[in-house]
Amino acid sequence: MVEDFAKAEPVLSKTVLIIGIGNEYRGDDAAGIRVVRLIRARALPLPVVELSDEGTALMDLWRCSNAQVVFVIDAMLSGAAPGCVRRFEAHAKPLPTHFGANSSHLFGVASAVEMARVLGCLPPQMIVYGIEAKSFDYAADLSPEVEAATRMVAERIYMECQMFAEAADQSAVPAVTVLRSLFLNGGQEPDA
Amino acid sequence: MEPKTATKRTRTRTLKVDVLARVEGEGALYARIKDRDVTDVQFRIFEPPRMFEALLRGRAYSEAPDITARICGICPVAYQMSAVHAIENAFGVEIDPAVRSLRRLLYCAEWIESHALHIYMLHAPDFLGYPDAIELARDNPDAVKRGLRLKKVGNDLMRLLGGREIHPINVRVGGFYRAPTKSELAAMVDSLKWARDAAVETARWVGGLPFPAAAYDYEFVALHHPDEYALNEGRIVSSRGLNIAIEEYEDHFAEEHLAHSNALHSYHKGRDAYSVGPLARYSLNYEQLTPLAKEAARSGGIDSTCNNPFQSIVVRAVETVYACDHALQIIEAYEPPAQPAAVVRTRSGTGCGCTEAPRGILYHRYRLDEAGTILDAKLVPPTAQNQKVIEGDLRRCLETNLDLPDEQLTMQCEQVIRNYDPCISCATHFLTLHIERDERRGL
């Protein structure tokens, strides 16, 4: 598996983009940043980006990368238990409105996704992981529930990239289609 | 609301918007209406005091540009520029002309980024009846794409000069850590030419928006420089004859704390409210605009002065044309400085700086000791200076539109606030809107 993954890295580095969103000085808001740092720590050349800017910059990131699969990881406040992870296929349908609704910035993740959809510039696959936050206290560490969730999400995204690498290796079938069918049929949806 | 019966009755109506959209940050409006009189209007700023002025005490002078940049993600360059000018003023540092040009270029990047964001994402939906920019984009995709690309050109220029597009890291007292090469700047020319055309088109587009009639007698206050549209240097002038050096700012302007807001309210001593920002700059410095920017103003339907706050969107477009045009002039004439930064020799003293942030003049004053340690600091952001004017505009809006239903009245008030593009993060967080009507009907 790892060998396949390594072989497909040149493909992945061009077609996958992983974006962690948050403010690392505001407690659980740093969840997305933490996930991309965990992925980066594996020393794999997967393109990862940390973002603390507003949503138009988020759109610029995926528009300029031409990535086929974009992962976005952000903290959310939906009323679920802290550390609860939800996975959304944002290319297929809008994100729940609580995404970004608590942002003091002009334009949250949900707005950036919808704007991109309206303007026809969503990537073919836009996977959004939301991690339920417990606290946005200033200068606080991640809460233990969210800390555990970030490790789980990093692992999930790593697995998704592996599957993508395998799919990319089957040249007869367009990689994106294969990846999508894996998700649709493979029971990989963590959001129950 | 017209009286419908002859009975006496007191009725209180409350309008509330939990989070006002399309402003940067969080704050609130409170209005009280009694017997068709607007008895109270408060533009509230909630953000807990962030103590930046206290945080600066005891820090080295060299940290001021990076610390103060953190006040705002939309206008960090303004904070950096006011900080470096104030400290250079205290130490008597002379700046290389090429460094001076690079500072103007960096400021142009921030203006392009900030103005494009406000025009397209925040302000335009108001005039066309859309709840947000996404709905605007559904019917006007080409316009919104133009706005996003225009903003991105500002971001790209900011990244090139500043090291990254928010909270740039390349600015220091005396100049820059690294000056760009000629070829690095030349690589921006094509996209800036596109941006200049897009800005001209923007001015034409926003000029066609329906504007509520308004012509208010503001005291406009802005920097003025005889040879250029003032960004970093000049004298502080007003439409009522004020003409002072930056060092005299505190002799003429003061701040007061009001219970309803966590931001200080500025006022002109012996007078009252004053207006800073695009309308003030434009009306006081029209002659310093480039011919292309003046042409864009004509196509946007404004004269050489503009005192309709709703047309601030046109002025922002004109200033975007200027910023692109001027950036191209700077790049064409650019020769890298011999050193990216002047040698800085510390000495004890006090220095002031005032520069034109996208939303208006931003004043900094630092007192420093011999080693360059900051003893105290004072920062006056434009949104704090505009608070009184915003409240005045809101009062007029409420008085003129009392008969509108609550929902429409709320929308009008929000639009009045957005005319100022309030950078509430510089002074607030969460803008909620609360209108209380205490009507004794039938009198």
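Two strands count as paired if DSSP finds at least two bridges between them. Helices (H or I, at least four residues) and strands (E, at least two) are DSSP runs, numbered from the N terminus.

**Setting up.** I am working on a predicted model, where local features need pLDDT of at least 70, side-chain atom pairs count only at pLDDT 80 or more, and totals for chains, interfaces and linings use all residues. Residues are numbered from 1 along each chain as its sequence is written, chains are lettered from A and ligands numbered from 1 in the order in which they are written, and side-chain values use heavy atoms, with hydrogens and water left out.

**Strands of chain A.** I started with strand β1 (residues 16-21) and β3 (residues 69-76). They pair in the parallel sense over five bridges. A:G20 stands opposite A:I73 in β3(A). I then followed β3(A) to β5(A), which runs parallel to it, joined by eight bridges. There A:V70 has A:M126 as its bridge partner. Next I looked at β4 (residues 85-89), which pairs with β5 (residues 125-132) in the antiparallel sense over five bridges.

**Cover on the strands.** I take buried as under 20% relative accessible area, exposed as over 50%, and partly exposed as in between (1.4 Å probe, protein chains only). Eight of the eight residues of β3(A) are buried, so the strand is largely enclosed by the rest of the structure. A:V69, A:F71, A:I73 and A:A75 point one way, and A:V70, A:V72, A:D74 and A:M76 the other. In β4(A), four of the five residues are buried.

**The cores.** A nonpolar core is a set of buried Ala, Val, Leu, Ile, Met, Phe, Trp, Tyr and Cys residues joined through side-chain atoms within 4.5 Å. The largest has 147 residues, and A:W62, A:M115, B:Y282 and B:Y366 have the most contacts inside it. Helix α4 (residues 97-128) of chain B gives the largest share, 17 residues. Domain 1 (9-47 + 385-441) and domain 2 (52-380) of chain B both contribute, so this core lies between them. Those bounds come from an automatic or database domain assignment. Another core, of 24 residues, lies apart from it and includes A:F71 and A:C161.

**Chain B, two stops.** I found B:C72 in the loop between α2 (64-69) and α3 (76-91). B:C72 is buried, at 1% relative accessible area. Its C-alpha atom is separated by 8.9 Å from that of B:I166, 94 residues apart along the chain. Last, I checked helix α12 (residues 312-333) of chain B. Of its 22 residues, 19 are buried.

Terms used:
The expected span of a helix is 1.5 Å times one less than its number of residues.
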